[in-house]
Amino acid sequence: LNARQCRWLAVVMCAVPLLRWRENARTVKAETILRLLFGPLLRRRFWQRAKAKEHQRRNEEARDQMARLTVERMERLAFFKLLPRSCVTRMIDQVEPRAFVSGEFIIQEGDPGDNMYFIESGNVEILVKRDSTSKSRNPDNMILVATLGPGAYFGEFALINDEPRTATVHCLSPTNTWALSKMVFTRELDAAGCEEALHLKLREIADQRRLTNMAQLYPCRVANLKAIPLFANWAPEKLSALIERMHPSVTHAGELIVRDRKSVV
């Protein structure tokens, strides 16, 4: 049995004796216990189903309102310029509409990534946490990176890297998007017989954009170096000169940063 089946088995095992008690004794006490035990569970399931139906309804309405993605629009992005046109066309045929209301979060920093989004209408803001260890999801406690509107896209890292989301996307208004899933992207690349060199080139493009974002969001400052004991006694002018010679770097899971007893440039 999986975890879900085990939970429902436990519910049934608890409910049957109480239902029999209610049928035989018909006491107020039995009814109260039933409500206390199973009321929250049933309300939660009802809310989840209602929310799923509402999302489905909005997505279907958005499909009728939005213009389809075009090959020309996707080929404006470096990600898709390298792919065969037939491959891009098949991806377009499999994108799904996703509609969001004002105030809703499309993606959350730290969550697994599974879709790339193309904005058809509406506006969103890109946010990053002030403290990477914080669990707060309040936009007021985050740093505003950018505001995006129709024609923009986000979440492309999810198609290339098996890494958590690096930012939060929050809707400023009702927003309609097209979502391209990682599963579709990977399947169509394999079906097109794309070589390993193309996969590496796509990762290189993603890494270059990430480096640009890092330089803008997390610039190295004199105060950062002063906090390191090695540089604590250095003059500010000397630290500034050092910062000018520094550059951001991206390292993927499983890659080595430094090898023991070997010089690394």
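**Exercise 1. Find which residues lie nearest the centre of the largest pocket, and what its lining is made of.**

*Solution.* Start at the centre: of the 28 residues that line the largest pocket, Ile 126, Phe 157, Thr 166, Ala 167 and Asn 213 lie nearest its centre. Before going on, note that this is a predicted model, in which local features need pLDDT of at least 70, side-chain atom pairs count only at pLDDT 80 or more, and totals for chains, interfaces and linings use all residues. Residues are numbered from 1 along each chain as its sequence is written, and side-chain values use heavy atoms, with hydrogens and water left out.

Next, the term itself. On a 1 Å grid over the protein atoms alone, a pocket is an open set of points where a 1.4 Å probe fits, with protein on both sides within 12 Å along at least five of seven lines; lining residues have an atom within 4 Å of a point.

Then sort the lining: 16 residues are nonpolar, 6 polar and 6 charged. Here Ala, Val, Leu, Ile, Met, Phe, Trp, Tyr, Cys and Pro count as nonpolar, Asp, Glu, Lys and Arg as charged, and the others, Gly among them, as polar.

Finally, look at the elements. Helices (H or I, at least four residues) and strands (E, at least two) are DSSP runs, numbered from the N terminus. Those that supply at least two lining residues each include strand E4 (124-129), strand E5 (142-148) and helix H8 (196-217). The largest share, 5 residues, comes from H8.

**Exercise 2. Describe the aromatic pair of Phe 80 and Phe 118.**

*Solution.* First, recall that a pair of aromatic rings is described by the distance of the centres and the angle of the planes. Rings of Phe, Tyr and Trp (its six-membered ring) pair if their centres lie within 6.5 Å; planes under 30 degrees apart count as stacked, over 60 as edge-to-face and the rest as tilted.

The whole structure holds 5 aromatic pairs. In this one, Phe 80 and Phe 118 are 6.3 Å apart, centre to centre, with 45° between the planes, and the pair is tilted. Phe 80 lies in helix H4 (residues 78-81) and Phe 118 in strand E3 (residues 115-121), so the pair ties together parts that are 38 residues apart in sequence.

Both residues are buried (under 20% relative accessible area, with exposed over 50% and partly exposed in between; 1.4 Å probe, protein chains only). Ring pairs also link Phe 80 and Phe 118 with Phe 185 into a cluster. Phe 185 sits in helix H7 (residues 182-191) and is buried, at 1% relative accessibility.

**Exercise 3. Work out what surrounds the ring of Trp 234.**

*Solution.* Take the ring partner first. The centres of the Phe 231 and Trp 234 rings are 5.0 Å apart and their planes are at 90°, so this pair is edge-to-face.

Now compare accessibility: Phe 231 has 16% and counts as buried, while Trp 234 has 28% and counts as partly exposed.

Last, check for a charge. Lys 238 lies over the face of Trp 234, at 4.7 Å from the ring centre. The rule asks for NZ of Lys or CZ of Arg within 6 Å of the ring centre and within 35 degrees of the ring normal.

**Exercise 4. Count the disulfides.**

*Solution.* A disulfide is a pair of cysteine sulfur atoms within 2.5 Å. By this rule the count is 0. Two cysteines to look up are Cys 87, buried at 0% relative accessible area, and Cys 220, partly exposed at 32%.
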